[in-house]
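Hello,

Here is the structure you will be working with. Please open it beside this email and follow along as you read.

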Amino acid sequence: MQIFYKATRPGGVSFFDPSTRYTVGQETTHPKPAQGNDAAGYLSLSTTPTAAGSQWPLSLFEVEAVGQVWQPTLSRLSATRATITVRVLREVDPTLALGPQAEPFLALAAEVSTLSQSQRTRLSQAGRSGFFSRSSFAQQHGRSGCLDIAAHVAGFQSGYYQVWEALSAVLLGDLVGSDGFTQSDYDQLLAAWRSVVS
């Protein structure tokens, strides 16, 4: 039995379809199933918890597929799998979706929530590192969900990209020195935040 991960809104409600719920000990089936590459027709699972999330806060479940599992060829995420029905085995600590840097990420996220409009404006004027525009580094390390969570926490307002980069840096901080992700890259991702907030 292969274990997969499924992230939802708190309480087990699907991020994308409020009528779809995940409950421990029960099976969940896509309401309009269709095998193929269109995400509207399958339940999306992840092979690692750090690829499962897209928003924060969330609930995180370990699930097993009931029936066929396939990898959507159109998915940009190598950790994504598709199926029609899952059995929900257990709910697990949602911070697993954040990886080993959960604690510093949550501390920084708390700071983000207190940013003033003036700080956000100054952040927006501080420039961007450009690291993630030219790298699939997070995907290679199964951390694509981490970046989605960071984007959600950053909030879509002034200074969004600079805050997103800082949150992403913290989530990937344990990978400095891996596959070309250098201390310099890390520092560049945090540069705007440090210049305005720290």
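**The surroundings of W193**

Leaving aside neighbours within four places in sequence, W193 is in contact with L108, E111, V112, L115, L123, V163, A166 and S198. Contact here means heavy atoms within 4.5 Å. W193 lies in helix α6. Helices (H or I, at least four residues) and strands (E, at least two) are DSSP runs, numbered from the N terminus. With a relative accessible area of 3%, W193 is buried. Buried means under 20% relative accessible area, exposed over 50%, and partly exposed in between (1.4 Å probe, protein chains only). From W193 to F15 there are 178 residues in sequence, and the two are 29 Å apart in space, C-alpha to C-alpha.

Before going on, note that this is a predicted model, in which local features need pLDDT of at least 70 and side-chain atom pairs count only at pLDDT 80 or more, while totals for chains, interfaces and linings use all residues. Residues are numbered from 1 along each chain as its sequence is written, and side-chain values use heavy atoms, with hydrogens and water left out.

**The chain as a whole**

There are six helices and six strands in the chain. In sequence order, the pattern is β-β-β-β-β-β-α-α-α-α-α-α. The radius of gyration is 18 Å, close to the 16 Å that the globule rule gives for 198 residues, so the chain is as compact as a globular protein of that length. The radius of gyration is taken over C-alpha atoms, and the globule rule is 2.2 Å times the number of residues to the power 0.38. Taken along the principal axes, the C-alpha atoms fill a box of roughly 50 × 35 × 25 Å. Of the 198 residues, 47% count as buried. Among contacts with a separation of 6 or more, 72% come from residues 24 or more positions apart.

**How α2 packs**

How do the axes of α2 and α5 cross? The axes of helix α2 (residues 117–124) and helix α5 (residues 160–171) come within 7 Å and cross at roughly 85°. That makes α2 roughly perpendicular to α5. The contact is made by R120, L123 and S124 of α2 and Y160, Q162 and V163 of α5. By class, the residues of this contact are three nonpolar, two polar and one charged. Ala, Val, Leu, Ile, Met, Phe, Trp, Tyr, Cys and Pro count as nonpolar, Asp, Glu, Lys and Arg as charged, and the others, Gly among them, as polar.

Helix α2 also packs with helix α6 (residues 183–196), at an angle of about 140° and with the axes 9 Å apart. These two helices are therefore oblique to each other. Axes are lines fitted to C-alpha atoms, for helices over the stretch in contact, and angles run from 0 to 180 degrees between N-to-C directions. Angles under 35 degrees count as roughly parallel, over 145 as roughly antiparallel, 65 to 115 as roughly perpendicular and the rest as oblique. On the α2 side the contact is made by Q119, R122 and L123, and on the α6 side by A192, W193 and V196. The residues of the contact of α2 with α6 are four nonpolar, one polar and one charged.

**Helix α4**

Is helix α4 (residues 144–154) largely enclosed or largely open? Nine of its eleven residues are buried, so α4 is largely enclosed by the rest of the structure. The buried residues of α4 are S144, G145, C146, L147, I149, A150, A151, V153 and A154. Their cover includes α1 (102–112), α2, α3 (137–140) and α5. Just after α4, G155 takes a positive phi of about 75°.

Q68 is in the loop between β4 (59–65) and β5 (80–83). At 46% relative accessibility, Q68 counts as partly exposed. Not counting residues up to four places away in sequence, Q68 touches Q35, A82 and T83. Q68 and Q35 are 33 residues apart along the chain, and their C-alpha atoms are separated by 9.3 Å.

P57 lies in the loop between β3 (43–46) and β4. The peptide bond from W56 to P57 is cis, with omega near 5°.

D179 is found in the loop between α5 and α6. Phi of D179 is near 50°, a positive value in a residue other than glycine. D179 counts as exposed, at 58% relative accessibility.

Regards
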